[in-house]
Amino acid sequence: MRGMRLVGIALVLVVFMLSGVVPGAWLSKAQAKERPRLTIYTYDSFVQSWGPGAAIKKAFEQVCDCAVHFVALGDGVAILNRLRMEGKRTKADVILGVDTNIMVEAKATGLLAPHGTDLSALKLPVAWTDDVFVPYDWAHFAVIYDSEKIKNPPQSLKALVEGPESEKIILEDPRTSTPGLGFLLWMKAVYGDRAPEAWRRLKRRVLTVTPGWSEAYGLFLKGEAPLVLSYVTSPAYHMIEEKTDRYRAAKFAEGHYLQIELAAAVKGRNEALARRFLAFMLTPAFQDHIPTRNWMFPAAPISKPLPEAFRKLVKPERTLLLSPEEVAANRKAWIAEWLRAMSD
């Protein structure tokens, strides 16, 4: 048996010699293929060609000796829905793109691990102490308007609700989209128990409700409607990349609802590597790509000042933000309320 093994080894060496491949080099390639794979569930705009995904993948792979794999799942609510559906069979090591409005429900899956990350570098409009989720960017929601089509934009949520039917708005679905849910909570924060009546008045102006932000903003840029729900930071993209201030954010007197985007590690397969990624998110190597690729405000220090366009953006007079616990307790009921009002 020992002699047969030696013959086998000799034959393998002959094959390597004839093919010009050095055995050590072959082993190195095999070992390279065995690098740990970090699978990150995120939203589709994060991994678009203009988004931050590719640059962040490259930056982290340079320091982690791993392979980063993004899975795009529409919007933040879709990420939560996928995680729930897969349960312990999930292939995710990190979820990136949920926000404060669904963090309690994401925790309730029992699939997420404490981050163990030093949060002292965080720079947010609110205090943050959560032990599972790590913020990576933030911005207030805003109604973006086409200034070539609308000369007198709404200056309050009330003016939007009661404005002319001819000036349509594109919204996102709160069942699948974090911006859509954010707008629903914006309406609830301002109108309270009168929200159903406000929705019935607003629906005259709603051209369509899309599954996610990308679809909504794409329709807006195609000229399908002069108004769209997005972020106060959206005009910065057009000012920097297109050299135009045509698309602007309407400043609302009641204030603007805040979104803080979050990531968390999934228990199990690559938990240590996932935690390492969460810590990496708070470094300039990650944060530098947020302002001009994800078009949001960075949640931690960056290596250079924000572009001048960011200083020209609308600054809300008041920040609106319901607690994660209140949203978790009422989200289903408030969505049902929205469905009834929009279908009346």
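Start by selecting strand β5, residues 134-146: 13 of its 13 residues are buried, where buried means under 20% relative accessible area, exposed over 50% and partly exposed in between, with a 1.4 Å probe and protein chains only. Strands here are DSSP runs of E with at least two residues, numbered from the N terminus. This is a predicted model, in which local features need pLDDT of at least 70, side-chain atom pairs count only at pLDDT 80 or more, and totals for chains, interfaces and linings use all residues. Residues are numbered from 1 along each chain as its sequence is written, and side-chain values use heavy atoms, without hydrogens and water.

- Residues 256-266, strand β10: antiparallel to β5, with six bridges. Select H140 and its bridge partner L258.
- Residues 227-231, strand β8: antiparallel, with five bridges to β5. Here A142 is opposite S230.
- Residues 247-250, strand β9: antiparallel, joined to β5 by four bridges. V143 has A250 as its bridge partner.
- Residues 297-298, strand β11: antiparallel, with two bridges to β5. W138 faces F297 across this pairing.

Now select I95, L96, F133, F183, W199, F277 and F286, which have the most contacts inside the largest nonpolar core, a set of 110 residues. Such a core consists of buried Ala, Val, Leu, Ile, Met, Phe, Trp, Tyr and Cys residues joined through side-chain atoms within 4.5 Å. β5 contributes the most to this core, nine residues.

Finally, centre on I95. Beyond its neighbours within four places in sequence, I95 is in contact (heavy atoms within 4.5 Å) with residues including Y41, L112, F133 and L262.

Conventions. Two strands pair if DSSP finds at least two bridges between them.
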